[in-house]
Amino acid sequence: MTDHPALGRLRGPRAGPRSRSARRIVLRTVVPLAVMGLGGAFLVDEGAGPGVPPQVSIGVRQLACPDPTIIQPRARDAVLPGSVRLDVALGAEAGGDGQVRVAPAASGGVGVSVRERGGWLRLAPQDRGGTGARLVSGRGASAAGLAATVTTSGDGAGPALAACAPPRARSWFAGPSTEVGRDPLLVLANLADTPGQASVRVLTDGPAAPGQDVNVAPGHAIVRRLAAFAPEAAVTAVDVQVRTGRLLTWMVDRSSAQGPFAAPRLVPATAPAARRLVLGGVVVPAGPPAPDSTLVLAAPEGSAKVRISVLTPAGPHVPPGLAGVRVPAAGVTRVSVPLPAGPASALLVESLGADDPDGAAAAAGGGGGAPVVAELGLASGWKGVRTWAGATRLEPSDGRPGLDGYSRGVGLTDPDGPSAGAGTAADAVVTVPPVPAGAAGALVLTAPLGPVTARLDGTDMRLRAGSVTVVAQPTRPPAARLTATGGPLIATAIAGAPPTAGPAGAGTRPRLPRILSAVIPLRGAPTLLDALPAVADPGLPYR
């Protein structure tokens with residue numbers, strides 16, 4: 001972390017959901033009063049205080065994006081086929097216009113102008129041994145609410161999409177097979193100017209293999225076949241822990257067959273192990289019936305028993321055989337899930353404890369069984385190809401209440417753990433990107449626990465508890481803005497190859513993909529941070 005911007009303009013308490021729960025926040029970082037940087041400043045809840053602390057505007061925000069133009073090992077082609085475009089969007093505080101920088105480039109970084117909250121950049125192919133990632137940076141007004149998305153045009157079976165995010169110290173992926181016919185790739189990109197190292201552990205449906213350390217040179221990426229870590233595995237769960245460096249990890253599921261229309265798919269990083277998870281929302285195309293939609297479950301800490309509920313526009317239900325699915329300790333299992341083709345749907349996964357057989361404790365947000373990792377492989381509408389959707393956890397990682405309904409709190413209080421309660425922080429806004437050119441797509445909203453009122457560019461939508469709905473997505477810039485009250489609310493964008501018939505223009509009805517190629521979660525981009533309060537012990541922030 002090299003940038004330590006000064007504190008921005010202080011703001012006093014605001015009326016809204018946060019005023020109902022007083023909090024006392026301490027900023028824990030290596031430099032006093034540092035507000036934001038890659039890796040983030042971490043806010044620690046120390047219990048109820050006398051009032052809501054003042055807040056400051058974010059001074060700088062940095063996001064890491066996968067770069068699919070990197071060349072495959074021992075090949076001449078990029079990891080993903082097609083042209084690559086990077087889209088950026090800013091929050092309202094930028095006034096609609098701003099400037100961000102994208103690195104690396106020949107000059108060490110290139111400026112991207114943003115007009116009416118949106119801007120874009122065509123990514124040139126990287127040379128062999130490139131970084132495998134791009135870093136998007138915004139300062140001042142251009143930092144607040146900054147969001148970015150990478151889109152690859154694909155090979156005819158729909159575009160690939162990836163949401164940019166700060167690099168994580170730990171990433172989980174679940175699902176891809178390394179059996180004959182499948183050849184997934186794992187990419188570790190080092191964005192720092194110092195050597196990086198990560199420990200890669202792969203859980204499978206068989207005996208667990210020992211973890212392996214992977215070293216990554218500064219400014220370079222390592223592309224590894226997943227079969228090198230776990231050969232001939234029917235299903236996998238990959239745990240990547242960064243030891244040193246500033247690494248972004250991403251994964252591609254692909255066929256071992258060469259040639260066009262192989263339909264490689266990005267595998268999004270899924271949520272860390274949790275006792276309650278939501279996967280989706282999604283819309284399964286009414287295409288070829290094989291392969292079925294499959295839920296992959298891993299139990300890294302101990303054996304688990306989970307209940308799987310299917311959420312639909314009509315509400316939740318538990319399909320036969322999914323009320324008590326067992327997951328072996330340090331193992332992975334897969335379960336066929338009956339998702340409807342056509343309507344929107346999502347999955348709610350709850351781990352059940354031995355003293356909680358009916359799931360009452362898990363439903364109340366406490367207790368429950370061993371935490372699990374989950375990822376959903378969807379019937380894509382392209383024969384033999386699954387499209388992957390990651391999970392969102394519905395519990396704070398350390399037990400403190402969340403601050404919004406979008407899995408992000410104000411000031412990135414808990415980047416990996418979303419809100420467990422109702423209410424949305426007033427400055428946590430979700431940016432909804434336009435549908436990629438030449439593709440079809442939609443926005444899917446899920447209310448897994450309680451009723452939600454969502455507002456998309458001024459239009460209100462009400463969701464019942466346990467329901468899912470699909471709405472039209474913008475077809476051209478600028479990006480739309482989504483907020484909500486109640487909750488929590490899970491928002492995902494789906495994209496894919498367009499239908500062969502029907503109107504291509506904008507409208508109030510969503511234009512659903514004929515072939516589903518991408519499901520990306522949309523996270524709230526914060527614009528404010530809680531200010532460091534005065535403390536009696538000056539050493540407290542460093543403990």
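This note walks through a predicted model of a protein chain, point by point.

1. **An open sheet.** Which strands form the open sheet, and in what order? Four strands do, in the order S17-S14-S19-S20, and their pairing is antiparallel. S17 and strand S20 (265-267) stand at the edges with a single partner strand each, so one side of each has no neighbour in the sheet. Neighbouring strands here are turned by 25° against each other on average, direction ignored.

2. Look at S19 and S20. Strand S19 covers residues 247-253 and pairs with S20 over three bridges, in the antiparallel sense. Met-251 stands opposite Val-267 in S20. As background, strands of a sheet pair through backbone hydrogen bonds, either parallel or antiparallel.

3. **A buried strand.** Now turn to strand S27, residues 344-352. Nine of its nine residues are buried, so S27 is largely enclosed by the rest of the structure. In a regular strand the side chains alternate between the two faces of the sheet. You can follow this residue by residue in S27. Ala-344, Ala-346, Leu-348, Glu-350 and Leu-352 point one way. Ser-345, Leu-347, Val-349 and Ser-351 point the other way. Both sets are buried.

4. **The partners of S27.** Strand S21 (residues 276-283) is joined to S27 by seven bridges, and the two run antiparallel. Here Arg-276 stands opposite Glu-350 in S27. Strand S23 (residues 304-312) is also joined to S27 by seven bridges, again antiparallel. In this pairing Lys-305 stands opposite Leu-352 in S27.

5. **Salt bridges: Arg-225 and Asp-183.** The model has nine salt bridges. In one of them Arg-225 meets Asp-183, with the closest N and O atoms 2.9 Å apart. Arg-225 lies in strand S17 (residues 221-225), while Asp-183 sits in the loop between strand S13 (170-174) and strand S14 (185-190), so the pair ties together parts that are 42 residues apart in sequence. Are the two residues buried or exposed? Arg-225 is partly exposed, at 36% relative accessibility. Asp-183 has a relative accessible area of 9%, so it counts as buried.

6. **Salt bridges: Asp-239 and Arg-201.** These side chains meet at 3.1 Å, N to O. Asp-239 is in strand S18 (residues 236-244) and Arg-201 is in strand S15 (residues 196-204), so they link distant parts of the chain, 38 residues apart. Asp-239 is buried, with a relative accessible area of 1%. Arg-201 is partly exposed, at 25%.

7. **Salt bridges: Asp-460 and Arg-455.** Here the closest N and O atoms are 2.7 Å apart. Asp-460 is partly exposed, with a relative accessible area of 33%. Arg-455 is partly exposed too, at 41%. Elsewhere, salt bridges that share partners join Arg-170, Arg-201 and Asp-239 into one network.

8. **Thr-131 in its loop.** Where is Thr-131? This residue is in the loop between strand S9 (118-123) and strand S10 (133-139). Thr-131 counts as buried, at 11% relative accessibility. A polar atom of the Thr-131 side chain lies 2.8 Å from the backbone oxygen of Ala-133.

9. **Gly-219 in its loop.** Gly-219 is in the loop between strand S16 (212-216) and S17. At 27% relative accessibility, Gly-219 counts as partly exposed. Which residues does Gly-219 touch, not counting those up to four places away in sequence? They are Gly-130, Thr-131, Asn-190 and Ala-192. Gly-219 and Thr-194 are 25 residues apart in sequence, yet 8.1 Å apart in space, C-alpha to C-alpha.

Technical notes
Residues are numbered from 1 along each chain as its sequence is written. This is a predicted model: local features need pLDDT of at least 70, side-chain atom pairs count only at pLDDT 80 or more; totals for chains, interfaces and linings use all residues. Side-chain values use heavy atoms; hydrogens and water are left out. A salt bridge is a side-chain nitrogen of Lys or Arg within 4 Å of a carboxyl oxygen of Asp or Glu. Buried means under 20% relative accessible area, exposed over 50%, partly exposed in between (1.4 Å probe, protein chains only). A polar contact is a pair of N or O atoms within 3.5 Å; within protein, one must be able to donate a hydrogen and the other to accept it, and residues adjacent in sequence count only if both atoms are side-chain atoms. Two strands pair if DSSP finds at least two bridges between them. Axes are lines fitted to C-alpha atoms, for helices over the stretch in contact, and angles run from 0 to 180 degrees between N-to-C directions. Contact means heavy atoms within 4.5 Å.
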